[in-house]
Amino acid sequence: MTDSVVLVHGAWSGAWCWERVIPALAARGMRPTAIDLPGHGADASEMTDLHGDATRVTELLDELGEPAILVGHSYGGAVVTEAGDHPLVMHLVFIAAMALDAGETCQKVATEDVAAAGIDWKGRPNFGKGFIVAPDNMVTLDPTVAAQCLYNDCDDATIAWALNRLGPHPLENLQQSPARIAWRTKPSTYAVCAEDLVVHPVLERILAKRCTSVVEWPTGHSPFLSDPERVAGLLTEVARASSPPATDTGRRE
């Protein structure tokens with residue numbers, strides 16, 4: 001088992017998104033570490049591509065120097081897919097996340113694969129319409145769309161707090177494939193968010209088949225804000241049950 005939990009945020013976000021989960025984990029005896037990917041949140045360095053983001057995570061794991069579970073939310077799932085082959089990672093957790101395979105990108109999975117699977121978006125908001133793409137291919141989000149899709153089950157005060165902290169994200173990162181696929185060799189858990197308006201829950205269930213175990217929550221895309229106790233409970237359970245991973249975990253979709 002381990003009591004170390006490394007938390008990786010998604011696009012447009014930062015370590016701040018885990019602010020409610022961190023004390024809930026600490027109250028359970030866990031030692032959480034939330035990371036700012038380069039150029040996000042409080043990090044003042046230049047933004048990097050997907051591989052640079054994964055490098056930042058592996059550098060943190062080196063610094064920690066102890067076994068940990070590695071958690072990725074949304075785009076952060078692509079990051080931990082690459083970074084998660086680090087020898088100190090005992091278990092991967094994907095929360096409404098892009099558990100990508102070789103050759104896949106966040107953009108491709110969210111568009112082409114959704115269409116190929118016949119997933120119906122009828123009656124759901126179009127998150128992509130909220131993308132504001134600058135000439136340098138940095139993407140920001142229309143706040144109305146962000147509120148509707150990212151935080152659909154959060155209260156008004158939480159929505160305002162989160163919107164004020166959102167920042168840009170490089171379009172390039174959403175178009176890149178991870179260099180390594182950690183869920184193929186590491187135990188993993190996928191948390192499907194059944195009320196998600198960003199990543200379709202049907203797509204999440206397809207991605208979840210790649211993982212060792214699956215849970216499903218009645219939450220929107222950001223359960224770390226709307227239901228932090230639920231998130232902390234799962235991460236604590238996973239951390240306490242974790243053991244050094246075998247070379248093959250038996251699931252390959």
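Which are the buried residues of helix 3? They are Gly76, Gly77, Ala78, Val79, Val80, Thr81, Glu82 and Ala83, where buried means under 20% relative accessible area, exposed over 50%, and partly exposed in between (1.4 Å probe, protein chains only). The model is predicted, and local features need pLDDT of at least 70, side-chain atom pairs count only at pLDDT 80 or more, and totals for chains, interfaces and linings use all residues. Residues are numbered from 1 along each chain as its sequence is written, and side-chain values use heavy atoms, with hydrogens and water left out.

- Helices (H or I, at least four residues) and strands (E, at least two) are DSSP runs, numbered from the N terminus.
- Eight of the eight residues of helix 3 (residues 76-83) are buried, so this helix is largely enclosed by the rest of the structure.
- The buried residues of helix 3 pack against strand 1, helix 2 (50-64), strand 3 (68-73), strand 4 and helix 4 (106-116); contact here means heavy atoms within 4.5 Å.
- Helix 5 (residues 143-150) has Val145, Ala146, Ala147, Cys149 and Leu150 buried, and their cover includes strand 6 (138-141) and helix 6 (156-163).

**Aromatic pairs**

- Rings of Phe, Tyr and Trp (its six-membered ring) pair if their centres lie within 6.5 Å; planes under 30 degrees apart count as stacked, over 60 as edge-to-face and the rest as tilted.
- By this rule there are six aromatic pairs.
- In one of them, the rings of Trp18 and Phe224 have centres 5.1 Å apart and planes at 55°, so the pair is tilted.
- This pair links distant parts of the chain, 206 residues apart: Trp18 is in the loop between strand 1 (4-8) and helix 1 (21-27), and Phe224 is in helix 8 (residues 223-226).
- Both Trp18 and Phe224 are buried.
- The ring centres of Phe94 and Tyr190 are 6.2 Å apart and the planes are at 15°, so this pair is stacked.
- Phe94 lies in strand 4 (residues 89-95) and Tyr190 in strand 8 (residues 188-193), so the pair ties together parts 96 residues apart in sequence.

**Nonpolar core**

- A nonpolar core is a set of buried Ala, Val, Leu, Ile, Met, Phe, Trp, Tyr and Cys residues joined through side-chain atoms within 4.5 Å.
- The largest one has 80 residues, and those touching the most other members are Trp18, Val57, Leu70, Val71, Phe94, Ile95 and Leu235.
- Helix 9 (residues 228-241) gives the most to this core, with six residues.
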